[in-house]
Amino acid sequence: MTAQILTQEYLKEIFEYKDGNLYYKKQTSPNSKIGKKVGSLTNRGYLSTTIKSKFYLLHRLIFMMFYGYIPEQIDHINGIRIDNNIENLRDSENRNQQNAKLRKDNKSGIKNVYWFKELNKWKVDISVNGKRKHIGVFEDIELAELVAKEARSKYHGKFARHN
């Protein structure tokens with residue numbers, strides 16, 4: 001195996017998957033003790049490791065172990081970046097930003113709902129295929145929240161995250 005090409009067979013040879021974690025089955029470096037849990041936390045909140053001097057995120061390796069390929073984007077269904085249970089991982093079809101959590105700078109406390117000062121109303125915007133889509137403006141925040149939720153369901157389907 002070269003450093004650039006990773007195969008499902010090779011991953012299954014060196015790692016054991018159990019309950020969303022990987023454990024070394026084979027010693028591939030001085031730090032890879034057999035039975036030791038794999039991974040260290042990145043500054044972005046994902047678990048990672050290196051294989052033959054190349055950096056990998058564990059959720060991508062786990063996905064490869066089960067499905068035989070690594071998609072462009074993998075979604076953690078519950079939004080928890082360290083929950084690498086295979087049931088929590090899915091090929092996101094480039095939709096990862098569409099199911100992002102509530103932004104920390106959101107002042108309404110409701111996803112996709114913003115105060116539009118110029119009209120003194122609540123504005124609903126969502127991202128659809130990487131482009132911002134204006135949904136509407138509303139005097140009532142509860143109505144804006146309902147419309148935002150319906151828009152996420154309509155445009156994001158199974159990838160919609162409402163919290």
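Student: Which backbone oxygen lies 3.2 Å from a polar atom of the side chain of N112?

Tutor: In this predicted model, that atom is the backbone oxygen of D125.

Student: Where does N112 lie?

Tutor: N112 lies in the loop between β7, residues 89-91, and β8, residues 113-116.

Student: Is N112 buried or exposed, and why?

Tutor: N112 counts as buried because its relative accessible area is 11%, and the cut-off for buried is under 20%.

Student: Leaving aside neighbours within four places in sequence, which residues are in contact with N112?

Tutor: With those neighbours left out, the contacts of N112 are N106, K123, V124, D125, I126, A148 and R152.

Student: Let us turn to the sheet that contains β8. What is its strand order?

Tutor: The order is β8-β9-β10, in an open sheet of three strands with antiparallel pairing. β8 and β10, the latter spanning 131-138, are the edge strands; each has a single partner strand, so one side of each has no neighbour in the sheet. From one strand to the next, the twist averages 35°.

Student: How many bridges pair β8 with β9?

Tutor: Four bridges pair β8 with β9, which covers residues 121-128, in the antiparallel sense. Within this pairing, F116 stands opposite K121 in β9.

Student: Which helix packs on that sheet?

Tutor: Helix α3, residues 141-156, packs on the sheet and touches β8, β9 and β10. The direction of α3 makes about 10° with that of β9.

Student: What about N129: where is it found?

Tutor: N129 is found in the loop between β9 and β10.

Student: Buried or exposed, and why?

Tutor: N129 counts as exposed because its relative accessibility is 64%, and the cut-off for exposed is over 50%.

Student: How far apart are N129 and Y155 in sequence and in space?

Tutor: They are 26 residues apart in sequence, and their C-alpha atoms are 9.1 Å apart in space.

Student: A change of topic: what is the order of the open sheet that contains β4?

Tutor: That open sheet has three strands in the order β3-β4-β5, paired antiparallel. The edge strands are β3 (40-41) and β5 (54-57), each of which pairs on one side only.

Student: How many bridges join β3 to β4?

Tutor: Two bridges join β3 to β4, residues 47-51, and the strands run antiparallel. S40 has S48 as its bridge partner in β4, and L41 has L47.

Student: Which residue in the hairpin of β3 and β4 takes a positive phi?

Tutor: G45 does, with a phi near 90°; this hairpin has five residues between the strands.

Student: And how many bridges pair β4 with β5?

Tutor: There are four, in the antiparallel sense. S48 stands opposite L57 in β5. β4 and β5 also form a hairpin with two residues between them, where K52 in the turn has a positive phi of about 50°.

Student: How many residues of β4 are buried?

Tutor: Four of the five residues of β4 are buried, and the strand is therefore described as mostly covered.

Student: Which strands of this sheet does helix α2 touch?

Tutor: Helix α2, residues 58-67, packs on the sheet and touches β4 and β5. Its direction makes about 80° with that of β5.

Student: Which residues of α2 are buried?

Tutor: The buried residues of α2 are L58, H59, L61, I62, F63, M64 and M65. That is seven of its 10 residues, and α2 is mostly covered.

Student: What follows α2?

Tutor: G68 follows α2, and its phi is positive, near 85°.

Student: One last topic: how many cavities of 30 Å³ or more does the structure hold?

Tutor: The structure holds one such cavity. The largest cavity has a volume of about 40 Å³.

Student: Which residues line the largest cavity?

Tutor: The lining consists of I14, F15, Y24, T28, T49, T50 and I51.

Student: Which element gives the most to that lining?

Tutor: β4 gives the most, with three residues.

Note on methods. Residues numbered from 1 in each chain as written. Predicted model: local features only at pLDDT ≥ 70, side-chain atom pairs only at ≥ 80, totals over all residues. Heavy atoms only, no water. Pairing = 2+ DSSP bridges. Contact = heavy atoms within 4.5 Å. Axes fitted to C-alpha atoms, helices over the stretch in contact; angles between N-to-C directions. Buried < 20%, exposed > 50% of the residue type's maximum accessible area, 1.4 Å probe, protein only. Polar contact = N/O pair within 3.5 Å; in protein donor to acceptor, adjacent residues only side chain to side chain. 1 Å grid on protein atoms, 1.4 Å probe; cavity = no way out; pocket = protein on both sides within 12 Å on 5 of 7 lines; lining within 4 Å. Points joined across faces, edges and corners; volume = space filled by probe spheres on them.
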